[in-house]
Amino acid sequence: MRIALLGGTGDVGGGLALRWAHDTDHEVLIGSRDPEKARTKAEEYETELDSRGVDAKVLGFDNAMAADRADAVVLAVPPYHVGDTVEAVADGLDDDTVLVSPAVGMKRDNEGFHYHKPGAGSVTRIVAEAAPEGTPVIGGFHNLSADRLSNLDADLGIDTLLVGDDEDAKDIVRLLAEGIEGLRPLDAGGLANAPEVEALTPLLVNVAMNNDRMHDLGVRFE
């Protein structure tokens, strides 16, 4: 498949890009509002992969061009940009494109990080409301450590929870997740369950901040 990571120049987007390019034969596209930044990052990822003996092609485009070329579009952008980003690339989305939302709304105070539930109920719901009619939206890859993803020497051994109302689209994202070595996708139900999944992320961040040697922790359900 052809996967576009909009915001693929950032930490989580970059980690997913490296993992898919390293572990699978999927074609990876990096999207950014600045196409030159996307191309530069794509070259950096290729250099990292080449140093590990992996001959993978990673291409950079502006967000709209990346989305137009992709089978799956991952919105690896901050939560307050998801709606605008979907609207900006909407012309390149259709019924055959799966839109994936990993973004989580958080706020911080003196005690730590807390889930910032948006008015729509979840960030995934914001994406679904902004998406063109017929474009399926799946929430996934929320609770992953960017450092752990980006470190190709690290064994993941963690789970990612998927939510969405389109079972066929969820199956596609499940297969994409399974392609990353050490990442296990689990079905967490419909899109209405997105708040519960998203709310795990600030919990993990707080645990990581308050315990030694846990800066890149993930979650595994047994």
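Which residue stands opposite Gly 112 in β7? The views below are taken from a predicted model, and the legend to the first of them gives the reply.

**View 1. The hairpin of β6 and β7.** Strand β6, residues 106–109, and strand β7, residues 112–115, run antiparallel and are joined by four bridges. The residue that stands opposite Gly 112 in β7 is Asp 109. A hairpin of two residues leads from β6 to β7.

View 2. Strand β2, which spans residues 27–32, pairs with β3 in the parallel sense over five bridges. Within this pairing, Ser 32 stands opposite Asp 62 in β3. This view also includes Phe 61, whose ring has the charged end of Arg 69 sitting over it, 4.7 Å from the ring centre.

**View 3. Surroundings of Thr 9.** Thr 9 lies in the loop between β1 and α1, and with a relative accessibility of 15% it counts as buried, because the limit for that class is under 20%. Leaving aside residues up to four places away in sequence, Thr 9 touches Ile 30, Gly 31 and Ser 32, and likewise Lys 37, Ala 38, Lys 41 and Tyr 45.

View 4. Trp 20 lies in helix α1, residues 11–23, whereas Phe 141 lies in the loop between β8 and α6 (146–150), so the pair ties together parts that are 121 residues apart in sequence. Both partners are classed by their accessibility: Trp 20 is buried at a relative accessible area of 0%, and Phe 141 is buried at 1%.

**View 5. Positive phi at Phe 141 and Arg 213.** Most residues other than glycine have a negative phi. Phe 141, however, has a positive phi near 65° although it is a residue other than glycine, and Arg 213, which is not a glycine, has a positive phi of about 60°. Phe 141 is placed in the loop between β8 and α6, while Arg 213 is found in the segment after α9 (200–210). Arg 213 counts as exposed, with a relative accessibility of 77%, whereas Phe 141 is buried.

**View 6. The buried side of helix α5.** In helix α5, residues 123–130, the buried residues include Val 123, Thr 124 and Val 127. These three cover an arc of only 105° around the axis, which puts them on the same side of α5. In an α-helix there are 3.6 residues a turn, so residues three or four places apart point the same way. The buried residues of α5 pack against β4, α4 (82–89), β5, β8 and α8 (194–198).

Key:
Residues are numbered from 1 along each chain as its sequence is written. This is a predicted model: local features need pLDDT of at least 70, side-chain atom pairs count only at pLDDT 80 or more; totals for chains, interfaces and linings use all residues. Side-chain values use heavy atoms; hydrogens and water are left out. Two strands pair if DSSP finds at least two bridges between them. Buried means under 20% relative accessible area, exposed over 50%, partly exposed in between (1.4 Å probe, protein chains only). A charge sits over a ring if NZ of Lys or CZ of Arg is within 6 Å of the ring centre and within 35 degrees of the ring normal. The arc is that of the directions from the helix axis to the C-beta atoms. Contact means heavy atoms within 4.5 Å.
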